[in-house]
Amino acid sequence: MDHFTEKLPSMDLMRSEKMTFVQIIIPAESAHRIITYLGQLGLLQFRDLNAEKSPFQRTFVNQVKRCAEMSRKLRFLMDQVNKAGIMSSHSVLQSDTNLEDIETQLAEHEHEIIEMNSNSEKLQQSYNELLEFKIVLQKACNFLVSSHGHALSEERELVENVYSNEDFVETPFLFEQETMPGPSKSNQSGLRFISGIICKSKVLRFERMLFRATRGNMLFNQAPADEQIMDPISTEMVEKTVFVVFFSGEQARTKILKICEAFGANCYPVPEDISKQRQITREVSSRLADLEATLDAGIRHRNKALSSVGGHLAKWMDMVRREKAVYDTLNMLNFDVTKKCLVGEGWCPIFAKAQIQDALQRATFDSNSQVGAILHSMDALESPPTYFRTNSFTNPYQEIVDAYGVARYQEANPAVYTTIIFPFLFAVMFGDWGHGICLLLGALVLIAHERKLSNQRLGSFMEMLFGGRYVLLLMSLFSMYCGLIYNEFFSVPFHIFGASAYKCRDSSCRDAHTTGLVKYREPYPFGVDPSWRGSRSELPFLNSLKMKMSILFGVVHMNLGILLSYFNAHFFGSSLDIRYQFVPQMIFLNSLFGYLSLLIVVKWCTGSQADLYHIMIYMFLSPFDNLGENELFWGQRPLQILLLLLALIAVPWMLFPKPFILKKLHNERFQGRNYGVLNTFEADLEVEPDSARQHHEEFNFNEVFVHQMIHSIEFVLGSVSNTASYLRLWALSLAHSELSTVFYEKVLLLAWGYDNLIIRLVGLVVFAFATAFILLMMETLSAFLHALRLHWVEFQNKFYHGDGYKFRPFSFATLTEDEN
Amino acid sequence: MYGFEAMTFNIHGGYLEAIVRGHRSGLLTTADYNNLCQCETLDDIKMHLSATEYGPYLQNEPSPLHTTTIVEKCTLKLVDDYKHMLCQATEPLSTFLEYITYGHMIDNVVLIVTGTLHERDVQELLEKCHPLGMFDSIATLAVAQNMRELYRLVLVDTPLAPYFSECITSEDLDDMNIEIMRNTLYKAYLEDFYRFCQKLGGATAEIMSDLLAFEADRRAVNITINSIGTELTRDDRRKLYSNFGLFYPYGHEELAVCEDIDQVRAVMEKYPPYQSIFAKLSYGESQMLDKAFYEEEVKRHCLAFEQQFHYAVFFAYMRLREQEIRNLMWISECVAQNQKSRVHDSVVFIF
C-alpha cells in the first residue's frame, strides 16, 4: 500500500505545497530592487518584523508618505479628467520612467491644473455675475415698468379710501407711501428698491424674512430666471429667481442688504431710466460674449492639458501603487546590527526557492551591488501557511472548501473530490435534462465570454456566477445525465432509448392510474421507463429508487471521508489515529450502514420482496430471531449478529484507548524531567525569549478524555443522522420533479386546452417565468446549498480540520485599485 | 419602569442601534491615542488616522495640513454619521436625534450674536459654527439688534423658539446678557429634553435621565464657578440652574450662595457620585475640574452602551465622538505648536 501511494505521480491539489521559512539578508543598496523583483514573482509571504512599531516609526515612512501624496495627486488629476469628460483612450506606451520623474511631473501637472482652475474660476465667477446682472436687468425692467403703473393705480385707490380707513394698520406699506410727499414719482418719495437674484429654493424663506424684518413695509416681486446658473461651489446648475424689493427708509435698506447677504442673494443695481437700462444691457451683453470666448479658450486649453496627462494616468497609478507596496513591504523588514543590510523573514513554497534565488541574483546584478543577497531556510515556530496552486477550473472548488475553513498545512484537500462529487450531488437533486440544457447554455455563455468578462468589473452577483462558471458547467452536464436517468425533460418523458417495455392493459388506458401497466418486452435500456409517467407505479418506484440511491451515495461518500482520515493519519505518521480512530470508525459505519447498502444491492439484484426496515430494526431488537421471509441470503442471521457485536465493540474502542495511551506516552516522555524547573531557567537565558522549543504543552488528561468522548459520541450519533441527512438528495429531487410537473400540467397543458390564443400565450408566459425563476434560479440555489451542506458537514467532518491559514504572498498581481 | 422593549424595539430601532454600535467600535482606542501622542508632525497624525474611520475624509487633503482641516474633516465624519442615522430614523427616534443637536444650535446662536456684537464678519463666524447646529436662517441672526428682534426674526422658526420665550427681555444685547441668555436657553433645553426622555419611558428614560442629570449638574457647577465675583445676584444665579439633577433642589440652594471654589467643592462632596471627581484635585484648583468632568462624562457615556434597546446610545455616541474630536484637536495643536509635553493634559481616553 505504501509502495503504491508513493509511486503515484504527485498532484498539486492533493495536499498543499510544501513551504519553508526563509530568511533573506539584503544589502541596503539593492533592497528596493530586490523587493520589486520579489513582488513581480509573487511567491514570498513576508512576516511583519516591526509589528510593535506604529506606521510612522518605521524606516521607510517618508517614502510611503510620498507615495500617498502622489496617489492623492493622481486621484485629483483623475477626478479632473473624469469631470472634464475626457476619455483616456490612448494609453501612452513609454519606457520605464522612475518615480522621481513621475513625482516632478505630477507636481507640475497638478500645479498647472490648479492654476488653470483658479483662473477659470475667477472668469466663471465674473461670467456668472454678468449673466445674473443681465437676467436681473431683463426681469427687473418688467417689474419697474409695471409697478409704476401699478403704484399709480393703487395710489388713486388709496386716496379714496385713506380717510375712511385711517386706523386700519394692516396696510402700513400703502399708508406710509401715502404720507410721503410726491407719490407719483417713487424715487423721490423715498420708496426705493433693491433688485437681485437668489436661489429658487430659498425664495420663500427670503421673502418671509424680509417681511418680518421690515414689518411688512415692503413689496416683493419675483420672476424665475430663464437660464440656469452654475453654482461655483458644487459646480451644478441651479435655478434662480430674480426679485425686486420695494421699501422705504434707510434703516430698512441696511436690514434688507444684510438679509440679502445672509441668504447669499446677489444684488445688482438697476437704473430706473429706461435708456440707461438699455445701454447697460448692451454693455453687459458684449462683455458676456467676450468672457464666453475667453472661458471657452481656457477650457479648451485645460482639456488639452488634461488629455495629455490622461494617457499616463493609469500607468502612473499602477506604478505608484506598486511603489507603495514595495515600501510597505520594506517597512516589514528589520535592520541588522550594522545598519548595512535589511533582514526579512517569510514563507515561500519549496519549489519557488530557485526562482527566488534567481530573482535575488538578477536584482543584485541589475543594481550593481557588491554583495549579493543571502537566502537561507530557518526553523519556524508557527505552522506554515496553506498554499494550493489552482487554475480557473479548480479555483471555485477550492473556494467552496475554503469557505468552510482553510486546510491545515499539508492536510488532505477535499477540493480534489469536491470537483466531481459536488456537481454530481447537485445533479442528483436537479435531475432534468431540459433544465440542465438551460444551465449549460448559461455556463457556456459565461465561458465563451471568459476573456472579455475577466477584464471588467462585475457586480457582486455576476462576479460570483462568473467565478463559478466551471462549477456551473459540470453541474449542468451532470444534471443532464441524471435527467436522462430520471427521464425528465421539463417533466416530460421521452422515448430516447427505444420503445417502452410496458403497455396498458387495454386500448383505452383508463386503468393506468389504478391497476398499473403490463410488461410485454425487454426492459427499457437506460433510465426510467417513459411509460411509467403518471402510472400507478410511478411514485412508489421513483421514491424507492431515489431513497436507496441516496443511502448508497451517502455511505460511499462518508466512507471516502473516513478513508481520507486514514491518509491524513498516515501522512502525519500518527499510527494512534489509525488504530484507535480510523479502524473502529470504519467498522462501526460499515457494520450498520455498509450492511444496509449491501442489503439494498442484494435486493436490487435478486428482486426479492424482503422488507429492509424490518430487517434493520429487528437486527437491534431481537438479533437471534429467525428472519423468516425477509432472509435475503444464506447466513444472514449469523452475519448480523457478528456485525452487531463488531459495532458494539467499536464504540469503546474509539472512546477509551487513545486518551490513556496519550497519557502514558506523555508520562514516559517527561519522566526524567522532574527537575526541569532549574534546567529550563538556565536554558531560557540562552535561547531567544519567544522560542517555543522550550515550551511544552501541559498535558491535561481530563481535557483530552472529554475531547475524545465528544468526538466518539459525535461520530456514533453522526453516522445515523448523517446517513439520514443524505436522504435530502431524494427529497429535493422529488420536490424538483413534482414542481416541474405542476408547472407543466397545471399551467401549460391547462392553458393549451383552451382554444384561445391569449390564454395560451398567458399560460406560456407564466410557464416560462415559473421555469426560469423558480425552477432554474431558486431550485438551483437550494440544490446548491444542500450539496454544499453535504460536503461541509457530512463529508468533511470525517477528516477535515480546516484550521490553517492562507498563503498570501507579496505580489503586484494582487494589488487592486481600491488598495491605495 | 421597564417595558417590553426587547419585543418591539428592533422593529424600528434595531437597524440604527446596530449602526451606532458599529460606529462606536470605530472610536479611537487607547493604543491609537498612544500612537497619536508620539506623532512628530501633522502628517504623521494624518497617516495614523488614515487607518481609522477618518481615513476616507482625510485622504484627499494636500500635504501641508492645518489643525483646523483635521478637525473640520473629523467633524464632517460625525455629521455624515449623524445625517445618515437621522435619514433612517423613524419617530420618536428622529425627534430624539434632533434634540441632540439643539445644544449646538444654542451655541451657534450665541456665537453669531456675540460675533456681530463685536462686529465680526458673518461668513467668518459661520465657518466657526458647529455644522450640527446649523439651521436655515442662521446668517440672518446678524440683523437682530436686541433679543426681542432675535426671537421675532429668526428663532421663531427654529426648534429653540419655545425655550426663548422664557428669557425674552427687551434689553439690548451685551456680553453679560448673551451669557445669561445662553444659560437660560440651555436650562430650558435640558429640561425639555429631560421631559421628552421621560415621556419615552423604559431604559431610554432611565439612562438618559442619568446622563442629562450629570449634564445639568455640571452646568450648575460651571455657572456657579464662572459667576463667582461677577455682578450676577444669587437669585439670578439660582434661576439658571436646571430643575432636575442630583443637586435639585437642595444642592442648588447651597450652590447659589457659594463664594469661592472650595465652597463649591464642599457642596459637591456631599453627593457620593461626585466625590471621586474631586479626589484627584487639590484644594482651590479649578483648572483640572473640566477634565475631571469630561472623564466622568465619558465613563458614563461608555456605560450607556452596556444596555440594549434604548436611545441613549445615540446620545452617548455623539458625545463620545465629539470628545474624540476635541482630543484630536488638542493633540494636533500640541504637535503643531511643539508642546508635546502638554499632550496628556487634556486628552480624555475613551476606552
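How much helix and how much strand does the chain hold over residues 587–604 of chain A, and how far apart are the end C-alpha atoms? Bear in mind while selecting that this is a predicted model. Over residues 587–604 of chain A you will find 100% helix and 0% strand, with the end C-alpha atoms 24 Å apart. The UniProt record, an unreviewed entry, places the feature "transmembrane region" on this stretch, and also at residues 420–447, 468–486, 549–567, 639–656 and 757–778 of chain A. Select next residues 757–778 of chain A, where the chain is again 100% helix and 0% strand, and where the end C-alpha atoms are 30 Å apart.

Now move to chain B and colour its two assigned domains separately: domain 1 takes in 10–80 + 311–350, and domain 2 takes in 89–200. The C-alpha centres of these two domains of chain B lie 27 Å apart, and 12 residues of domain 1 are in contact with 14 residues of domain 2. Between them, domain 1 and domain 2 of chain B bury about 1100 Å², of which 79% is on carbon and sulfur atoms. Across this interface the rule finds zero salt bridges and one residue pair in polar contact.

Finally, on the side of domain 1 of chain B that touches domain 2, select α6 (67–88) and α18 (312–336) of chain B, the elements that give two or more residues to it. The largest share, six residues, comes from α18(B), and the residues of this side divide into eight nonpolar, two polar and two charged.

How values were computed. Residues numbered from 1 in each chain as written. Chains lettered and ligands numbered in written order. Predicted model: local features only at pLDDT ≥ 70, side-chain atom pairs only at ≥ 80, totals over all residues. Heavy atoms only, no water. UniProt positions renumbered as here; feature names shortened; annotations may be inferred. Helix = DSSP H or I, 4+ residues; strand = E, 2+ residues; numbered from the N terminus. Domains from an automatic or database assignment. Contact = heavy atoms within 4.5 Å. Buried area = accessible area lost by both parts, 1.4 Å probe. Salt bridge = Lys/Arg side-chain N within 4 Å of Asp/Glu carboxyl O. Polar contact = N/O pair within 3.5 Å; in protein donor to acceptor, adjacent residues only side chain to side chain. Nonpolar A, V, L, I, M, F, W, Y, C, P; charged D, E, K, R; others polar.
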